[in-house]
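Please open the structure in your viewer and keep the sequence beside it.

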Amino acid sequence: MGQLRLKEGLASRGRFRACTLSRLWYTRVVSPRFLLLAMLFGQVHLDAGAPTATNGVERLRQIIARAEAGDAAAQCELGLAYCFGLGTAKDYARAVEWLGKSADQNNAQAQYNLGVCHERGEGVAADSGEAVSWYRKAAGQGYARAQSNLGVCYFHGIGVGKDVGEAARWYRKAADQGYARAQRHLGVCYSTGAGVEKDAVEAARWNRKGGDQGDAGAQYNVGRAYYKGAGVKQDFAEAVAWFRRAAEQGHPGGQCNLGVCYFNGEGLAKDIVQAYKWVSLAAAQGHEDAKRILGTLGTRVRAGDIAEAERLARAFKSSRVLEEDEAAVVPSGSR
């Protein structure tokens, strides 16, 4: 059997695919105090003796009282409580109302989240220009996520004229603060020469920073760098390690490439069952190369091996569901 070839491009934005809709690019951000609020509502799994939901309702009453008294931080937390349905039903219109009150007091977290609402059209008519306005206000205060989102808007011309140089500038501000997603974005800029001079070494360095923090897209990009020897010494074993980290987070490109490496025996022992498992997982997410490769594998893999691979894929999906169920309801990624 001949080798399969990797063709995927860089993971530049969104959840994992370059064409992901803009509503998936952005993530809410919560303060440690708001996470405590989630715990008090009984919506984070804790050991015995955890606070009860009743206590959480009382906590919400206290936040409402402070918010109504004009406390900007409480107004922001109350807005986010309505966004996520913590202690109350989800109500995006009320979320926008309270986030707006907080944002008007120059609370950067509220300004950022209000920008997300305008971008997604949650509780307010979708308006990318208004989203950019709020991102800019928060970004001007040094809010890293807002800086990154503002960079995305400039990069793609969303609500503002397209300007990749300005995008790279905002990405760098957020990346320098350690924001993983911006580090990935900046790495892609260096890979492609968008807004900066093309530099494979810098691309690998910034993607590595994001990947070390668990950003799956950055991990995938680092894997590609090692696979191709772009900015780093070619090392298939290292490429496999990074593809696996991305794949285990559900990144379809990472899953596809890991499967190809298993099929070719590059960086690890050849394993047809594992190859089929990982490629099929990527194909199930709509990854075009994976769907094409899976068709090829289907003609080369025995029926018994396919059955075992499909069993392993189902087990992987089940484990992912359990992991998500055990996580806090306050999301760390796009919802």
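Among contacts (heavy atoms within 4.5 Å) in the protein chain between residues at least 6 apart in sequence, 59% join residues at least 24 apart. The model is predicted: local features need pLDDT of at least 70, side-chain atom pairs count only at pLDDT 80 or more, and totals for chains, interfaces and linings use all residues. Residues are numbered from 1 along each chain as its sequence is written, and side-chain values use heavy atoms, with hydrogens and water left out.

Display the chain as a cartoon. It shows 16 helices and 0 strands, which are DSSP runs (helices H or I, at least four residues; strands E, at least two) numbered from the N terminus. Of the 335 residues, 51% are buried, that is, under 20% relative accessible area with a 1.4 Å probe, protein chains only.

Next, select Phe243, Leu258, Trp278 and Leu297. These residues have the most contacts inside the largest nonpolar core, which has 35 residues. Such a core is a set of buried Ala, Val, Leu, Ile, Met, Phe, Trp, Tyr and Cys residues joined through side-chain atoms within 4.5 Å. Elements giving two or more residues to this core include α11 (216–228) and α13 (252–264), while α14 gives the most, with 9 residues.

Now centre the view on Leu258. Leaving aside neighbours within four places in sequence, Leu258 is in contact with Val240, Phe243, Arg244, Ala247 and Trp278. Apart from this core lies another, of 32 residues, among them Tyr112, Tyr143, Ala146 and Trp206.

How values were computed: Buried < 20%, exposed > 50% of the residue type's maximum accessible area, 1.4 Å probe, protein only.
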